[in-house]
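Look at the sequence and structure first.

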Amino acid sequence: MSQWASGNACTPTSQPNSNCTHGGWPEYVVRATTLRHVQLAVKFARNQNIRLVIKNSGHDFNGKSIGGYSLSVWTRNLKGMTYDPNYTSPTGSYTGRAVAYAAGTQASEGSTLMRQKNMVMIVAGGSTVGIAGGFLQGGGHSAYTSYYGLAADQVLAITAVTADGRVVEAHEGENADLFWAFRGGGGGNPSHQKGNPTATDQRSGTFGIVTSIVVKAFPATSITSGSVRFSTTPDRGSSAPPISAETFWAGMRAYWEFSIAICDAGGLGYSFIYPSSSSAGLTFTVSISVPNKTTTQYRQFVRPLLQKLNDLGIQQPMPTLKRSLTLSFPYENDPTNKASPLSKRVIGETTGHTLIASRFFPRTTFSTPSTLETSHLAIRHVVENGSLTFHGMNYAPTLSVSGNPNNSVNPAFRTTVLHAQAYESNAHWDGKAPILSHEALTERHQRLQGYMQGWRNVTPGSGSYINEGDAQEWEWKEAFFGSNYERLARMKREWDPEGVFWAIGGVGSDEWEVRDLDGGKREGIVTQDGRLCKVG
Ligand SMILES: Cc1cc2nc3c(=O)[nH]c(=O)nc-3n(C[C@H](O)[C@H](O)[C@H](O)COP(=O)(O)OP(=O)(O)OC[C@H]3O[C@@H](n4cnc5c(N)ncnc54)[C@H](O)[C@@H]3O)c2cc1C
């Protein structure tokens with residue numbers, strides 16, 4: 001989670017005299033280990049008019065899993081996972097491999113089960129991310145996104161606690177509308193109104209607390225991957241000739257030209273561009289992974305890209321290849337990836353303070369030389385002029401690769417070939433500089449959104465990934481939910497008429513606002529260290 005979201009309540013410090021405040025952290029936490037605990041917490045908070053938040057892994061960048069003056073339901077310890085090779089879904093429309101798991105299951109546990117049972121299920125690349133909470137409910141991409149679709153596309157049945165404290169089943173034959181909404185409509189923090197007891201109309205957030213889930217699984221599907229890296233600052237000890245910034249960007253254009261082929265091969269291009277102001281200098285790294293290819297086929301597949309880069313004067317040997325059943329994020333296990341955000345850290349350096357924003361670039365924006373050039377320049381502008389770090393994922397979870405699911409996944413996911421992110425690598429506090437003031441953070445946020453406008457301009461009608469986007473995105477309804485927004489808002493009114501659930505950037509979240517303890521309205525970037533009150 002980004003530290004700023006808590007109101008910078010208690011940042012790790014090397015300054016002995018610094019203080020902590022309570023900030024956006026909850027007052028009490030229910031460490032739920034049974035479904036009954038979840039029910040009691042929801043009922044208690046609702047009856048006592050207390051703001052309630054759900055925390056699973058606590059990974060959400062925008063601070064969705066915290067909330068000031070709240071009771072927190074912590075779902076991480078709701079454990080249990082079983083594999084059934086011959087599962088039949090409640091309506092009988094699906095028979096085959098499936099995994100049932102509880103709300104607190106994390107990606108690494110899914111990966112372990114995959115190895116044990118020799119099958120594949122969709123889990124996050126980050127090993128500690130929860131796979132039933134925000135990840136799945138907001139979409140959930142993985143190394144198999146272009147091959148099997150998103151995590152939300154695999155769901156066969158859901159058990160959840162709704163705003164009235166009931167346990168409900170949701171699948172295509174029962175509570176089908178709720179089933180539709182949970183699969184893409186976004187995770188949410190339950191909260192209760194603390195300011196205006198007479199407010200009755202539309203509430204915000206999502207639809208309930210998922211306690212367990214059944215998802216499709218697939219036959220073991222190996223992934224072959226290799227990395228490409230080039231930089232204006234060559235690696236120490238490297239014999240490669242240095243390249244100019246212009247050559248670097250020509251190399252980037254060559255990569256974009258190739259990137260559609262990665263999607264069409266069912267693969268993933270997982271990349272970073274670090275700006276010249278970064279410690280690595282202007283640097284591009286990409287891990288290209290493709291399912292179901294032998295190493296010979298893989299080499300054949302990437303050769304045209306390597307050839308093009310070599311022709312440009314960017315020396316590229318054939319990468320060392322890895323074949324595996326599951327794929328972790330390269331930055332989690334590649335100690336040589338010095339520029340990576342999760343590589344070795346020094347005291348006081350927090351990765352969790354980042355302002356992040358995202359945009360889906362549709363296939364059309366890379367399909368002709370002129371649209372490709374426009375997209376390339378828009379990305380270059382953000383890195384070069386904005387000094388922002390670019391993080392890209394080339395994947396394509398089209399409806400057909402995803403099995404034509406009927407769910408509320410952001411329609412912009414279905415046409416994308418690039419999930420592009422930009423973040424302020426220097427928005428975090430470095431252990432020496434003073435923590436950024438609210439005004440300074442607000443200014444940086446405005447700046448980031450200003451750069452996002454450039455991406456919005458070249459991707460009209462597309463969207464942004466709610467789980468890795470900016471919850472305070474200028475056009476958040478269209479960006480996170482697209483044409484599904486109105487239906488989701490209706491569902492919200494139906495399933496949560498009292499407004500028990502709320503999440504920043506969630507459906508209907510503009511009906512509520514975070515205020516100071518004395519009721520004072522806040523300006524600028526929204527942090528969670530206040531009361532949640534009905535707007536108006
Ligand atoms: C290191 C790292 C790696 C990541 N890797 C990926 C990746 O590979 N693919 C990807 O798509 N995203 C990835 N993400 C983004 C991730 O999807 C989001 O951070 C997501 O919100 C995490 O969900 P969570 O439930 O684990 O986190 P939390 O922060 O605990 O929860 C996030 C939101 O979901 C709600 N929620 C949680 N549990 C439930 C529940 N049981 N019922 C209802 N609502 C619930 C919470 O209230 C909150 O609003 C990554 C993030 C990080 C930090």
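Strands β16 (residues 356-362) and β18 (residues 416-423) pair in the antiparallel sense over 7 bridges. Pairing requires at least two DSSP bridges between the strands. Ala-357 has Ala-422 of β18 as its bridge partner. Helices (H or I, at least four residues) and strands (E, at least two) are DSSP runs, numbered from the N terminus.

This is a predicted model: local features need pLDDT of at least 70, side-chain atom pairs count only at pLDDT 80 or more, and totals for chains, interfaces and linings use all residues. Residues are numbered from 1 along each chain as its sequence is written.

β16 is mostly covered, with 7 of its 7 residues buried. Buried means 20 or more other C-beta atoms within 10 Å of the residue's own, with C-beta atoms placed from the backbone. Both faces are covered:

| Side of β16 | Buried residues |
|---|---|
| One side | Ile-356, Ser-358, Phe-360, Pro-362 |

Leaving aside neighbours within four places in sequence, Phe-390 is in contact (C-beta atoms, placed from the backbone, within 7 Å) with residues including Ile-379, Val-382 and Ala-422.

The axes of helices α9 (residues 369-384) and α11 (residues 438-458) come within 9 Å and cross at roughly 175°. Axes are lines fitted to C-alpha atoms over the stretch in contact, with angles from 0 to 180 degrees between N-to-C directions. The two helices are therefore roughly antiparallel (over 145 degrees).

Notes: Angles under 35 degrees count as roughly parallel, over 145 as roughly antiparallel, 65 to 115 as roughly perpendicular and the rest as oblique. Two residues are in contact if their C-beta atoms, placed from the backbone, lie within 7 Å. A residue is buried if 20 or more other C-beta atoms lie within 10 Å of its own, exposed if 12 or fewer, and partly exposed in between; C-beta atoms are placed from the backbone.
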